[in-house]
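The following exercises are to be worked through with the sequence and the structure at hand. Each task is followed by a solution in steps.

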Amino acid sequence: MLKKLAKYLHGLWGLCFLSGLGMIIEAICELALPSIANMVYKNVSAAQQSGENITFYVIKIGAAMFGLAVFGLAGGLMTMKVSSVASQRFSYRLRKAMYEKISAFSFKNIDTFSTSSLTTRLTNDVTMLQNTLIMTLRILVRAPALLVVSAFFAFSINARISMILVVMLPIIGVIVALVLKFGFPMFRKMQKKIDNINRVVQENLIGIRVVKAFVREEREKEKFHSASDELAKQGSKAAGLVVTVMPIMMLLMNVVIIFIYYSGAKNAAAGKMDVGQISVLASYIVQVLVNIMMISIFMLQLTRAKACGERVCEVLDTEIDIVNPENPFVPDSPKGCVEFKNVNFGYYEGDNVLENISFKADAGNIIGIIGSTGCGKTSLVNLIPRLYDVSSGEVLVDGVDVRNYDISALREIIGVVLQKNVLFSGTIKDNIKWGSPDATDEEIIKACKAAEAHNFIMEQPDGYETDLSQGGLNLSGGQKQRLCIARAMIKSPKILILDDSTSAVDTATEAKIRDSFYNEFKDTTVIIIAQRISSVKDADKIIVLDEGKVDEIGNHDELMKNCEIYQEIYKTQQKGVLE
């Protein structure tokens, strides 16, 4: 994991070196001050006994100590600045790499992660790794250096008293090891609780109109409080484990300080140590213990960072199942012929949604697909732009297996209006130009007229420059559907897939949209998924699906004679119309 994350520090090692250098400078200055103070104490005591003037000497040494403190401060400031820059660039690169990886995910890859989990990984988890890097650059150099040098000076002053460190280090090591062992699972659970609370908030905000329509505000508040409580409880457990370290460390530190002053006083009384040496020795040993505490705190931070790092690497290591072949095919003059040959497909291994699907749509044909809910209509059309790959069999476009196409080139010749209408923040024109970024105003208006969207757009406050709220919430369902159809049409695709895309449009408007397919998109192969027979009645071919299998293929008249399922759907819908 560290090797994978370290590559995002490429080019930043110079900054890391400067950060470490600044910490070393600060540590040296900090360690030098107790020794200088002890030297002043000795010289002042000797000068007082001999009757010499000590004022000038004290001022000189004081100025030197002040200069040393300022130099150490400069080293610390350099470390803070450089470590902040390095950590920010690291997190930027890591977040960018994750976002690019997620953008390249196939639908199958996306299905393995929840949206809330990906959001947490991109934000909270990366921020935690960023903070850990800052602590690494600031503490991991300074603390060990101070610890080792302080221990050296302490043993040089009085090795016997300093042996207390040899006793304490194993005790502290065992405590930290136990905390790390039990802390890691807690932090993993904590990150999942953050995923959960993000999921609840996201669902509530996206579905706020449904929540209010069904008067479920109180229920949603309870869900949020429940998720929040679970996070708080898990956080309390993890924090409680961490918090126990500090009192134990402070207790051990105070025991050590009492031991030092007690032993030092006995040695001073016996003439084996100066009083000044006791203070300096205590200062160095406390420095050792403080830095052990700092390293322990860092290790705890590292435990949580490890949990976050694994989640980040899980995204980065995800194998994208739909990628370009080694020598991708790029069509010169696509026609739009679509053929399915013995296609089987399932979202999970051994669970086929589609079985033995075979049919051909010639270029310029209008193909209708109809069947009961859950029979695999959407799954079938998702295979054409290669949003999913077939489990077996072949999907051919102009005689070439879609798995041999360059993915971008394949999707460039296909226009898709998905079952769920998705619009983005921005103007109506901006949303239409998603289909063709270089489209002129005339082309935009033509596509919107073909989709029967022009009239209602002109009724908007600023026409095509009207800003849409998030998800196009200031439009009706039918208006959003027509904008999505226009967005697909403006591509002038060779294959146009409409996945139940006129369900919210009245029958008269739907008929006009169908007419535009026949009159203005004669060279485009149009595949229409519909619930209403009226939507596909005039299609060249109608495919009737039943439980993932092709029940019958034919035009309207042929199916009315030969297909019982189609006859039943027609009779049911006619009955509804007559009633």
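Predicted model: local features only at pLDDT ≥ 70, side-chain atom pairs only at ≥ 80, totals over all residues.

**Exercise 1: Salt bridges between separate elements**

Task: State which elements are joined by the salt bridge of aspartate 125 with arginine 311, and where the partners glutamate 465 and lysine 429 lie.

Solution. 
- Step 1. In the pair of aspartate 125 and arginine 311, the closest N and O atoms are 2.6 Å apart.
- Step 2. Aspartate 125 belongs to helix H5 (residues 115-139) and arginine 311 to helix H12 (residues 275-316), so the contact ties together parts that are 186 residues apart in sequence. Both aspartate 125 and arginine 311 are buried.
- Step 3. Glutamate 465 and lysine 429 form a salt bridge whose closest N and O atoms are 3.0 Å apart.
- Step 4. This pair links distant parts of the chain, 36 residues apart: glutamate 465 is in the loop between helix H17 (454-458) and strand E8 (467-468), and lysine 429 is in helix H15 (residues 428-432).
- Step 5. Salt bridges with shared partners join Asp125, Asp195 and Arg311 into one network.
- Step 6. Glutamate 465 is partly exposed because its relative accessibility is 43%, while lysine 429, at 17%, counts as buried.
- Step 7. The count of salt bridges comes to 16.

**Exercise 2: The span of a helix**

Task: Check whether the span of helix H11 agrees with its number of residues, and list its buried residues.

Solution. 
- Step 1. Helix H11 (residues 245-269) has 25 residues; at 1.5 Å a residue it should span 36 Å.
- Step 2. The end C-alpha atoms of helix H11 are 36 Å apart, which agrees.
- Step 3. The buried residues of H11 are Val245, Met249, Leu252, Met253, Val256, Ile260, Ser263, Gly264 and Asn267.
- Step 4. Glycine 271 follows H11 and has a positive phi, near 80 degrees.

**Exercise 3: Charged patches on the surface**

Task: Identify the residues that form a positive surface patch and those that gather in a patch of negative charge.

Solution. 
- Step 1. Lys189, Lys192, Lys233 and Lys237 form a positive surface patch.
- Step 2. Helix H8 (164-206) and helix H10 (217-243) each supply at least two residues of this patch; lysine 192 is found in helix H8.
- Step 3. The patch of negative charge consists of Asp546, Glu547, Asp551 and Glu564.
- Step 4. Aspartate 551 lies in strand E12 (residues 549-554), and its relative accessibility of 35% makes it partly exposed.

Methods: Residues numbered from 1 in each chain as written. Heavy atoms only, no water. Patch = residues over 30% accessible without salt bridge, like charges linked within 9 Å, V, L, I, M, F, W, Y side chains within 5 Å. Areas by Shrake-Rupley, 256 points an atom, 1.4 Å probe, with all protein chains shown as cover. Salt bridge = Lys/Arg side-chain N within 4 Å of Asp/Glu carboxyl O. Lys, Arg positive; Asp, Glu negative; His and termini not counted. Charge placed at Lys NZ, Arg CZ, Asp CG, Glu CD. Helix = DSSP H or I, 4+ residues; strand = E, 2+ residues; numbered from the N terminus. Expected span 1.5 Å × (residues − 1). Buried < 20%, exposed > 50% of the residue type's maximum accessible area, 1.4 Å probe, protein only.
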